[in-house]
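Me: I've got a structure open and a few things I'd like to pick through. Can you walk me through them?

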Amino acid sequence: MNERMQKKTVPIIELKGVSKWYEVQEKSAKVVVLDNVNLQVNEHEFVAILGPSGSGKSTLLRIITGLVKPSSGEVLYRGSPLVGLNRGSALVFQSFALFPWLTVVENVELGLIARGVSPKEARERAVSALDMIGLDGFEEALPRELSGGMKQRVGFARALVMQPELLCMDEPFSGLDVLTAENLRGELLDLWLERKIPTLSMLLVTHSIEEAVYMADRVVVLWQNPGRIADEFKIGLSHPRDRKSPEFKRYVDRIYTVITRQAEVETASKLKPFTLRRFQKLPHVHVGALSGLLELLEEKGGRSDIYALEAELGLEADELVPLTEAAAILGFAQVYEGDILLTETGKAFVSSDILESKEIFRQAVENNVVLIRTIVQSLKTSAKKRMREEFFLELLENHFTEEEAERQLDTAIDWGRYAELFAYDDESGVLYLEEAEAQEQSSVNE
Amino acid sequence: MAQRWQWRLDLGGRPLLTIYDLPVAVLIFAVIATLVHLASTITSPPPPEAQAIDLSPLKLPYYAFRSLVRMFLAYGLSLVFTFFYGSLMASSRRAEKILGPLLDVLQSVPILGFLSVFVASLSVLMPNTALGFELSAILAIFTSQAWNMTYAFYQAVRSIPRDLQEAAKTMGLSRLQRFFKLEVPSAIVPLVWNTMMSFGGGFLFLSASEAITVLGRDIRLEGMGSYFATAVEQLDYQAIAWAIFAMILLIALLDFFFFRPLLSWAQRYGQGSALEANYESAVLLALRRSRLASIIKDKLLVPFLNFLFFRMTKPPNLPVVAQSSRLRRTLLILALLLLVVLLAILAYQAALALADMLKEISLEMVIRLIGLGFFTFLRVLACVVLSSAVWLPVSLYVALHPDFAMKLRPLLEFGASFPANLFFPLLVMAFLALGIPLTFGSAVLMFAANQWYIAFNVIAGAVSVPRDLAEASEAMGLSFAQKVKNLIFPCIFPYWVTGAITSAGGAWNVSIISETLQFGSQTLECEGLGAQFTQATTSNHWPTIILNIVLMSTFVILANRLLWRPLYNYAITRYGGET
């Protein structure tokens with residue numbers, strides 16, 4: 001017993017209270033990318049970091065590999081503070097990041113040569129790494145001759161040839177088509193499970209819940225604004241895992257629940273329709289996509305498990321969740337425990353003809369979206385019924401970063417235009433009420 | 001199965017000598033002979049006078065050889081400068097803020113300004129030797145080659161995709177390793193194209209560099225530039241014709257032996273665009289197949305590069321090593337201190353010179369010069385307008401018939417390399433005959449020399465018209481005018497602005513050889529800052545020279561900031577496409 005306790009090894013990498021922020025000079029404000037993250041990766045562990053875009057998961061990976069220094073907190077490698085580049089880790093990129101002018105084998109051996117390994121030995125090790133990854137015979141090919149899947153294999157070979165203790169992967173399968181991705185995933189798992197590679201642990205960053213549950217022993221869920229750990233799950237399934245098994249689905253559901261709960265916390269509550277206290281963070285979806293979702297829901301009888309929708313719509317979690325959020329904000333649907341339910345308003349929206357549904361949309365937007373309401377009010381009260389976008393951008397920049405403020409306004413304009421509440425001239429950057437609308441508004445006021 | 005990694009190509013039968021070894025051997029001997037000859041020149045006697053230039057065509061090969069040597073030495077220097085400066089400029093925002101405007105200033109000073117400085121300093125360092133003047137000439141040629149290569153390198157390094165940079169870092173490549181393995185390869189294609197333009201620029205100002213008439217001297221270094229200058233001075237039409245013929249031949253040879261192999265080799269580093277067709281080079285092929293060349297490469301070149309590469313490597317580290325950056329930091333601080341001291345000395349000297357200058361000049365002088373500057377500016381504008389008037393219609397045609405671009409390419413390459421100033425005497429004769437005053441004529445001369453910047457760019461713009469948009473236009477049955485307005489013009493406009501900017505910048509430089517011309521015993525002149533500048537540098541009066549440099553520089557930079565850059569920004573925002 002004692003020996004076994006002594007054998008508990010130090011985690012390969014440990015993050016304690018790690019935060020990362022950027023100063024924004026014009027505002028003297030901070031953009032917090034990661035907030036107080038505590039994370040551990042032990043030996044013989046496969047950890048997946050799951051989160052939407054903007055959750056800082058790429059930044060987290062770069063802190064772990066030593067490319068980026070945290071603003072505060074500690075990063076420990078095998079118990080000692082990490083200084084500079086993490087020489088025990090290797091990184092696989094979403095975009096493959098191969099040097100276009102080097103052959104496949106030159107790409108793979110580059111890291112070894114940089115470390116001082118002799119050309120002869122580097123070449124031998126590179127060739128055997130390529131063999132293991134299934135690219136024997138392609139050594140002298142140039143990257144542009146290869147397909148996406150083959151390029152990523154080179155990326156893996158290049159990382160594995162350095163014999164890292166921790167293999168870090170930044171959405172490695174996102175740039176591949178479904179079949180190739182599936183193929184590569186399986187092969188990577190094989191190499192990992194059969195201990196064909198000396199790598200001790202894997203760290204996978206992904207935005208796909210399914211991928212995380214399929215591959216990892218532990219899933220860490222990150223959420224955005226600021227990036228922080230929302231929850232952690234141990235996946236107790238044995239390999240090979242069956243995506244259709246009820247246990248698998250249960251894990252996915254649990255994760256969905258966590259995510260949608262996070263999403264709800266962000267949007268302003270529907271119980272305060274007429275306060276101007278805070279702008280909701282609008283999800284960036286187009287009305288067309290939203291309609292599509294609602295129509296599909298209706299076909300399914302008004303209720304569906306969100307995970308099941310993923311497959312039907314061919315979307316990933318980070319594409320689907322914004323849609324469900326939008327539906328919730330507008331009052332067209334309700335999200336509850338991983339399920340989404342169509343409301344009466346939503347049903348009406350889907351089943352009416354174009355003019356009626358626009359009217360329903362217009363009311364929904366005016367009632368529920370604080371930003372659009374603000375825009376309409378401002379336009380009504382302005383003398384010429386016109387306002388420059390800078391006015392609204394400045395307003396938004398009190399709540400969001402510059403970039404996010406622009407995107408929020410873009411979304412609001414998209415929805416507002418569809419609802420025919422106002423118009424927008426892209427070149428001059430002016431929002432305005434069109435003649436008919438102006439008259440309508442003034443007649444409503446009377 | 002491990003191959004010896006130095007052998008990139010499979011040399012099949014492995015004969016002892018191939019037929020390609022013969023020309024390669026000849027090349028090697030030529031290089032050695034050149035070096036020997038160069039060494040002998042160093043110890044040579046005082047500088048040659050104007051009479052030394054022999055206008056017999058038989059001397060031309062020798063003169064061409066001398067000029068080429070200077071060009072290549074200057075080019076080597078330009079490369080080194082490009083790598084250092086460009087790399088430094090791309091390394092950080094702060095560096096860019098200092099080095100960028102500095103490069104602008106350097107680019108705005110005409111070659112005669114630099115030459116004056118070089119001649120002055122070198123005649124102090126090594127008075128009255130040929131070497132001093134040779135170095136001045138080489139440095140002057142350097143200033144007409146280096147700047148556009150530096151920009152191109154800087155742009156290329158800045159455009160390196162972030163994931164490649166991160167990959168290089170995670171593989172543990174040190175700064176120098178990244179420079180050799182990532183930054184340089186990614187810049188090779190733009191550098192090769194800019195090399196061609198640099199040589200063109202070098203040739204254009206060859207007369208100004210070799211026939212040194214600054215600071216009251218009249219030194220004619222042996223070379224094609226001096227030959228041409230002397231021929232024009234003596235109105236020896238036959239000699240002029242020989243010079244033109246020799247230059248055409250020289251450029252053809254340069255193209256065959258130097259540019260084409262470079263382009264062919266650079267294909268491996270290319271991203272692939274429509275203008276980059278498949279270049280085949282007999283010379284490159286010969287080099288690759290020659291056994292002699294392979295031996296040199298594998299026994300000399302590759303080990304040397306490996307040595308460089310390995311020596312830059314830090315020894316293999318354990319996973320976590322608290323790297324002592326303190327030593328590095330102290331070294332950096334010392335270097336910075338040294339730099340500050342140097343800059344202080346330089347600034348002090350500059351302040352002294354400026355004080356001197358301010359004593360001597362008067363307000364009316366400055367006003368007069370500003371007025372002249374405006375005249376030149378008008379001519380620069382006219383040059384841009386003329387070039388656009390010629391090449392925009394061509395680009396329209398190319399936009400509708402993209403294959404024509406391929407046919408145009410040789411013409412463009414030749415035009416960019418051939419120094420148009422060789423035709424200036426002919427053009428001037430035409431002006432005199434037609435009664436066109438030089439004040440208009442010099443704009444035509446500027447156009448002759450500078451149209452290629454606009455030509456290259458608008459053709460590139462025409463080729464960039466997306467295929468699917470062109471097809472949609474066809475399908476919608478758009479008229480020619482509609483196509484131009486909605487599709488072709490928006491695509492070409494940003495490229496045109498880029499071309500106009502570089503063309504205008506070049507035109508200011510050309511003004512020094514187009515606003516004042518030696519024609520036999522006459523000196524033709526028109527009112528302009530270029531003419532004034534040339535005149536000022538022939539005197540030994542430093543305050544005037546400095547005033548001219550400052551004013552010329554200011555004009556160019558102001559024009560850049562107030563006209564061309566805003567135009568460029570407008571073009572990008574309005575027509576930038578999906579960025």
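This is a predicted model: local features need pLDDT of at least 70, side-chain atom pairs count only at pLDDT 80 or more; totals for chains, interfaces and linings use all residues.

Me: Is E232(A) buried, partly exposed or exposed?

Reply: E232(A) sits in strand β10 of chain A, which covers residues 228–234. Its relative accessible area is 34%. Buried would need under 20% and exposed over 50%, so E232(A) counts as partly exposed.

Me: Which residues is E232(A) in contact with, leaving aside its neighbours within four places in sequence?

Reply: R218(A) has already come up, through its polar contact with E232(A). With those sequence neighbours left aside, the contacts of E232(A) are N38(A), R218(A), V219(A) and V220(A).

Me: Over in chain B, how are α2(B) and α5(B) oriented to each other?

Reply: Helix α2 (residues 60–91) and helix α5 (residues 130–158) of chain B have axes that come within 6 Å and cross at roughly 40 degrees. The crossing is right-handed. By class, their contact has 23 nonpolar, six polar and four charged residues. Roughly parallel would need an angle under 35 degrees, so α2(B) and α5(B) are oblique to each other.

Me: And what does α20(B) pack against with its buried residues?

Reply: Helix α20 (residues 529–538) of chain B has eight of its ten residues buried, so it is largely enclosed by the rest of the structure. Among the buried ones are L529(B), F533(B) and T537(B). The buried residues of α20(B) pack against α4, α14, α19, β3, β4 and α21 of chain B.

Conventions
Residues are numbered from 1 along each chain as its sequence is written. Chains are lettered from A and ligands numbered from 1 in the order in which they are written. Side-chain values use heavy atoms; hydrogens and water are left out. Axes are lines fitted to C-alpha atoms, for helices over the stretch in contact, and angles run from 0 to 180 degrees between N-to-C directions. Helices (H or I, at least four residues) and strands (E, at least two) are DSSP runs, numbered from the N terminus. Angles under 35 degrees count as roughly parallel, over 145 as roughly antiparallel, 65 to 115 as roughly perpendicular and the rest as oblique. A crossing is left-handed if the near helix is turned anticlockwise from the far one by less than a right angle, and right-handed if clockwise. Ala, Val, Leu, Ile, Met, Phe, Trp, Tyr, Cys and Pro count as nonpolar, Asp, Glu, Lys and Arg as charged, and the others, Gly among them, as polar. Buried means under 20% relative accessible area, exposed over 50%, partly exposed in between (1.4 Å probe, protein chains only). Contact means heavy atoms within 4.5 Å. A polar contact is a pair of N or O atoms within 3.5 Å; within protein, one must be able to donate a hydrogen and the other to accept it, and residues adjacent in sequence count only if both atoms are side-chain atoms.
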